[in-house]
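Reader: I am new to this structure. Please show me how to read its features one by one.

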Amino acid sequence: MSGRWVELTLGPFRASWRAGLGWSIGLALLVVSTVAFWPAFRGSSGISQAIDQLPGPVVQAFGLEGFGTPAGYLRGGLYELIVPLLFAMAGIGFTYSAIASEEDAGRLELFLAQPVSRTALLVGRSVAIFGWLLVLTIVVLASQLASDAVFGIQIETARVVATIVLCALLGAFHAGLCIAVAGAAARPTRLLSVGFSVAYAGYLVRALFPLSAILAPWRHVSPWDWALGSDPLVNGAEAWRYLLLAATGVLLAVAGLVAFARRDIRSA
Amino acid sequence: MGTAVGAGGPADKSLDSPAIRIEGLVKDYGAVHAVQGIDLEVRRGEVFGFLGPNGAGKTTTIRCLLDLLRPTAGRITVLGLDPRRDGIALRRRLAYMPGELRLPERMTAAGLAAAIGRLRGGFDLRRRDELAARLDLDLDRRMRDLSSGNRRKVALLLAFLADAELLVLDEPTNGLDPLMQREFLRLVREARERGTTVFLSSHVLSEVQRAADRVAVLRNGKVLALGGVEELRRRARQRVEVWFAGPPPTQELATLAGLVDSTVEDHRFVAVLAGPIQPLLEVLARHPVVSLLVEEPDLEEAFLDLYEAAS
């Protein structure tokens, strides 16, 4: 790798280290502290009974089925909502700080005045963003597997890996979406509103559409459904789920690169 | 001795072309017409002043040269290259100092120079230290701890470190103290001696006057005047303030051509001089003058005639 590519990727990667460290610590604490309560749940049948009292659709919408089993517990506590949502937010946040807010502040100009193409600059920053998502994936995986061992959750490792990778790919999808928005225009607030709207709408579609017979077939439009529709902690996931998330994320990022190469760069 | 390397044989077409050629450049931002048809040519090896009040379209034009902006209409060639098509090759041969300095806040000057160096294929560390010493710049301080003058020095360091064929400097001395302004002029002169073309934008006449060979004066996105710096100097107005020991010789002064907008307050005489200064000095020599001040008015006032003729 030439010095130019080192700078174009590692430069923005290093510049995000505070955010990266914060996300890593936060996610690790979340996973470990959630798993730490498992021994208490395992022993109590009361909570399982309480959940059984809830209406079926509510249990389904909040991913509380089988809360007394290891897979059900992890799904309800982490992987139905909070971890995928945090990955999506991380994807949005890294893109916001590495591209959109940098351009808005006029800080891309100094780099674009050098002998590098706009595409190379944005590819470098996208690699840095996906690189941080990879770091977070490893952090969540390591904290989950370590705390499973410590607190005695018995669950197949392959299923845990599948679930966490799918959550991370959901984050990568949102990063790709935000790279597209940032490539199209230097409007950081638009990036945030599009990113969070799509994340929220995607969650609602996945959680609520199955409750209605008419809307249920449409739940597949949600990236959340692509990621978690197979209930991967219990069943694992088909290969197309990974591919669809990765491919749409990459395609959206490429659309951002193309748009970025064709427009004016925002000045300070 | 062998043949000079890179001296530009007939095969190298890009060396026959002017450093910058701008033809009919137009740039609109929606309803705002920032640049409204600029034509100009910058010769190889000259220091070219790009003069105009804020908002005249200087920065927009410069950002088009660097392919940061895409022109609405017109043609630009820089060092014989199209900024859009050959942007990378072109930017390898030019260095740019932005007017608005937005530098990475947490980086040190040394870190930033290293980062830009990696993008440009390396900087000479000895030259870096020598420039830092001349600019009196501490390389180990973070951008966020630097004053605006010191940030300006960082940008100057990066521009002059690049050893480019063309230097594009947007308002380079904004915020620099007079000592550093002088050092800057020395750097520009040295660059020119090495054969570097310098494109220097400014809203301060005196700065351009000291550094440039030729000047274009811009206003409202159009070139109002283009010529040698001396010629322009002659067209520029000056503000004259004279304190006499006694009452000012107003009648004698009133006969002088080119002296306008005069006011008298006790022993003080103030006017704007729009012509040669010699006749005024001859009159003053015949009277007891306590003090004399000749200053450059702001650009609008200096080129009032040009501006009025244009509008």
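Reader: How many bridges pair strand S1 and S2 of chain B, and in which sense?

Author: Strands of a sheet pair through backbone hydrogen bonds, either parallel or antiparallel. Here S1 (residues 20-29) of chain B and S2(B) pair in the antiparallel sense over 8 bridges. Strands are DSSP runs of E with at least two residues, helices are runs of H or I with at least four, and both are numbered from the N terminus. Two strands pair if DSSP finds at least two bridges between them. Val26(B) stands opposite Gln36(B) in S2(B).

This is a predicted model: local features need pLDDT of at least 70, side-chain atom pairs count only at pLDDT 80 or more, and totals for chains, interfaces and linings use all residues. Residues are numbered from 1 along each chain as its sequence is written, while chains are lettered from A and ligands numbered from 1 in the order in which they are written.

Reader: What is the strand order of the open sheet of 3 strands in chain B?

Author: The order is S2-S1-S4, with antiparallel pairing. S2 (32-42) and S4 (73-78) of chain B are the edge strands, each pairing on one side only. Neighbouring strands are turned by 20° against each other on average, direction ignored. Angles run from 0 to 180 degrees between N-to-C directions, and axes are lines fitted to C-alpha atoms, for helices over the stretch in contact.

Reader: At what angle do the axes of helix H10 and helix H14 of chain A cross?

Author: Two packed helices are described by the angle between their axes and the distance between the axes. The axes of H10 (residues 157-184) and H14 (residues 239-262) of chain A cross at roughly 15° and come within 7 Å. H10(A) and H14(A) are therefore roughly parallel to each other. Angles under 35 degrees count as roughly parallel, over 145 as roughly antiparallel, 65 to 115 as roughly perpendicular and the rest as oblique.
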